[in-house]
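Hi there,

Here is the structure I promised to pass on to you. Have a look at it first, and then read my notes below.

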Amino acid sequence: MKRQIFTEDHEAFRRTVRTFLAKEVEPYYAQWERDGIVSREAWLAAGRQGLLGLAVPEEYGGGDEPDFRCAAVLAEEFTRAGAPGLALGLHNDIVGPYLTALATEEQKRRWLPGFCTGETITAIAMTEPGAGSDLQGIRTTAEDKGDHWLLNGSKTFISNGILADLVVVVARTTPEGGAHGLSLLVVERGMAGFERGRNLDKIGQKAQDTAELFFTDVRVPKENLLGERNGAFVHLMTNLAQERMAIAVAGIAAAEHLVEITTAYVKERTAFGRPLARLQHVRFEIAEMATECAVTRAFLDRCIEDHARGELDAVHASMAKWWATELQKRTADRCLQLHGGYGYMNEYPVAKAFTDGRIQTIYGGTTEIMKEIVGRSLLG
């Protein structure tokens, strides 16, 4: 079915993204995976190409294009290229809204120009060794010292953790803590007491630096408070819908691409003297996956349109994230099986898609958390 949500401007942007991937990402990606981190030059190249700060106002160097459909194009093309390591979606769609919506004028002028050029790489630090989806379990503290906050604690599984120049940290700013005692503090590279731990060894997304972060008596200036004091819970809930939509968009794009490459593979691969595609079981597998993708795509495109209009609610974003990422996981497993032994080889895209995509049902809120959100909306 022909998609109806994109204009010619979006398709022109898609061509720009594909050109960028071919020139600035694909030739270097294998090396980045070996290094466990992407080159900062790639971020600068993305800035020069106008792929950073799409929704940031033009006065700060951004694209002044808040239409989420542009972000969806970017996510789809990076997913199809198998290049999650250059985490532009994290930078643009997850951290970006906090800076554009919550930052003061002074903060915007200080941080957003570098955000758009790629000179300032960003991350958000929520997850702790003992607190994942449960924000009330956060133990990192920020004590009010008059002219600064004194930040102590640690975070883990932080994407862009090694490269980040600016980290939005969720910390307790009241002694009792809890969901309504959290604030967002911006920690900048070079602040005394801010240290990075290991670049974590993951099963997939090897080029995407994921790190532990440690804060020991870090003096964070008062002017680095982002949004309202003790208002982080509301700020986080407001922005999580977009984060989950970005993950969902990548999920359906990955599933569709897996079906495409597996369809081509079974047409060429022979067994028992004939192409795999001639076997009824294989045809049924392809038919089922293609149908599941088509149905999911219809829902996801509706969610993309709703979000572009500012009408998507947290419940439908949770539905989209849960369904699309679980579909991606199932499709990756089935497509790898249809590839047989070759599917287990890293040189085949299906193997990389299998390991790279496994995190999708976990980060941004696990599938179980998504079901809880949907269930509560229906049952109270």
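Let's start with tyrosine 344, which sits in the loop between α9 and α10 (349-356). Helices here are DSSP runs of H or I with at least four residues, and strands are runs of E with at least two, numbered from the N terminus. Tyrosine 344 is exposed, at 68% relative accessible area; exposed means over 50%, buried under 20% and partly exposed in between, using a 1.4 Å probe and protein chains only.

A word on the source: this is a predicted model, where local features need pLDDT of at least 70 and side-chain atom pairs count only at pLDDT 80 or more, while totals for chains, interfaces and linings use all residues. Residues are numbered from 1 along each chain as its sequence is written, and side-chain values use heavy atoms, leaving out hydrogens and water.

Next, threonine 120 lies in the loop between α6 (105-117) and β1 (122-125). Threonine 120 counts as buried, with 18% relative accessibility. Leaving aside residues up to four places away in sequence, its contacts (heavy atoms within 4.5 Å) include His91, Phe115 and Asp165.

Finally, look at helix α11, residues 367-379. Its buried residues are Thr367, Met370 and Val374. They lie on the same side of α11, because they cover an arc of only 65 degrees around the axis, taken from the directions from the helix axis to the C-beta atoms. These buried residues pack against α7 (232-268) and α9 (314-339). On the other side of α11, Glu368, Arg376 and Leu379 are exposed. Just after α11, glycine 380 has a positive phi of about 85 degrees.

Happy exploring!

Methods. Expected span 1.5 Å × (residues − 1).
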